[in-house]
Amino acid sequence: MNLSSETLPMPNAIIFDFDGVVVDSEPLHYQAFVLTGKSIGFDFTWEHYMAQFIGFDDRDAFKYMLAQAIEAGATPDIDDVEQTVAELCEKKRVAFEAIAAVQTVAIPGTLDLIDEAHAAGLPIAIASGATHADIEQMLNILGRRDRFDIIVAADDVEHSKPDPATYRIAFEKLAAKHPDAKLDPATTLAIEDTSAGLASAKGAGLMTLGLTTTGTPDAVAIADRVIEHLEGVTLGQLGEWFDQ
């Protein structure tokens, strides 16, 4: 269903981050990173992961790991860093697929908001630093793959968050799919849980709602509004918060 700009509620489109907003997947990514990182002599704690890796896509995470492992002498110098990173990303993908198959859990309230927005015909999309494979696997597990025609993932951009490209491309695709809605970045809401993601969304000109699902309120303080999670949050509530 295509709604006109006159009938859309406010905000008139929503772009969801994925990890930490739709699914509680950071513990899953951590497990997969640890399993893969050990192959290059890099090991790290959950606290280190939360402090250093939140907001990284897989490519940037493994570039960091490689640099740290080489500096520490844990692994020899590598001639082709890009090729090694690609191989590590594939190893991590396989590990993550196995872990996610049995551990995928939704963030409280998000699926209800997705379902309400979908039923209302509100344009929605995903803009994530995860890969298409990871996102689609977990959406299928949660029974929500059909809710999203627009998914922009790490595979789609040269530079991931905090670069604005992820959210800019997601918005452009939404606007092209819903021309009658006359979407505007200034009335489109991004829902995020990291400072890198919020910087990306703000760089694309979007309104922002920060969730404290993976960090403290200070970590998402640049958001226009900060809440714990989306449990009990409806389109009507978002309208009260963001109607300009």
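Me: What should I know before starting?

Reply: This is a predicted model, where local features need pLDDT of at least 70 and side-chain atom pairs count only at pLDDT 80 or more, while totals for chains, interfaces and linings use all residues. Residues are numbered from 1 along each chain as its sequence is written, and side-chain values use heavy atoms, with hydrogens and water left out.

Me: And the H and S labels, what are they?

Reply: They are DSSP runs numbered from the N terminus: helices (H or I, at least four residues) and strands (E, at least two).

Me: OK, the sheet. What order do the strands come in?

Reply: The order is S3-S2-S1-S4-S5-S6, an open sheet of 6 strands with parallel pairing. Two strands pair if DSSP finds at least two bridges between them. S3 and S6 (225-227) are the edge strands, each pairing on one side only.

Me: How many bridges join S1 to S2?

Reply: There are 3 bridges between S1 (residues 13-16) and S2 (residues 124-127), and the two run parallel. Ile-15 stands opposite Ala-125 in S2. S1 is also joined to S4, by 4 bridges, and that pair runs parallel too.

Me: Which partners does Ile-14 have?

Reply: Its bridge partner in S4 is Leu-189, and in S2 the bridge partner of Ile-14 is Ile-124.

Me: Which way do the S1 residues point?

Reply: Ala-13 and Ile-15 point one way, Ile-14 and Phe-16 the other way, and all are buried. Buried means under 20% relative accessible area, exposed means over 50%, and partly exposed is in between (1.4 Å probe, protein chains only).

Me: Back to Ala-125. Is it buried or exposed?

Reply: Ala-125 counts as buried because its relative accessibility is 0%. Leaving aside neighbours within four places in sequence, Ala-125 is in contact (heavy atoms within 4.5 Å) with Ile-14, Ile-15, Phe-16, Phe-148, Ile-150 and Leu-174. The C-alpha atoms of Ala-125 and Ile-151 are separated by 5.8 Å, with the two residues 26 apart along the chain.

Me: What about S5, how enclosed is that one?

Reply: S5 is largely enclosed by the rest of the structure, because 5 of the 5 residues are buried. Met-207, Leu-209 and Leu-211 point one way from S5, and Thr-208 and Gly-210 point the other way. S5 pairs with S4 in the parallel sense over 4 bridges, and Ile-191 stands opposite Leu-209.

Me: Helices now! Which residues of H8 are buried?

Reply: In H8 (residues 195-203), they are Ala-196, Gly-197, Leu-198, Ser-200 and Ala-201. Their cover includes H7, S4 and S5 (207-211). Just after H8, Gly-205 takes a positive phi of about 85 degrees.

Me: How do H1 and H4 meet?

Reply: The axes of H1 (residues 26-37) and H4 (residues 81-103) come within 8 Å and cross at roughly 140 degrees. That makes H1 oblique to H4. Angles under 35 degrees count as roughly parallel, over 145 as roughly antiparallel, 65 to 115 as roughly perpendicular and the rest as oblique. The axes are lines fitted to C-alpha atoms, for helices over the stretch in contact, and angles run from 0 to 180 degrees between N-to-C directions.

Me: Which residues make that contact?

Reply: Among them are Leu-28, Phe-33 and Leu-35 of H1, and Leu-88, Phe-96 and Ile-99 of H4. By class, the contact of H1 with H4 has 9 nonpolar, 4 polar and 2 charged residues. Here Ala, Val, Leu, Ile, Met, Phe, Trp, Tyr, Cys and Pro count as nonpolar, Asp, Glu, Lys and Arg as charged, and the others, Gly among them, as polar.

Me: And H3 with H4, how do they cross?

Reply: The axes of H3 (residues 58-71) and H4 come within 9 Å and cross at roughly 115 degrees. The contact includes Phe-62 and Leu-66 of H3 and Val-85 and Leu-88 of H4. The residues of this contact divide into 6 nonpolar, 1 polar and 5 charged.

Me: Where is Lys-182?

Reply: Lys-182 sits in the loop between H7 and S4 (188-192). Lys-182 has a positive phi of about 50 degrees although it is not a glycine. With 62% relative accessibility, Lys-182 counts as exposed.
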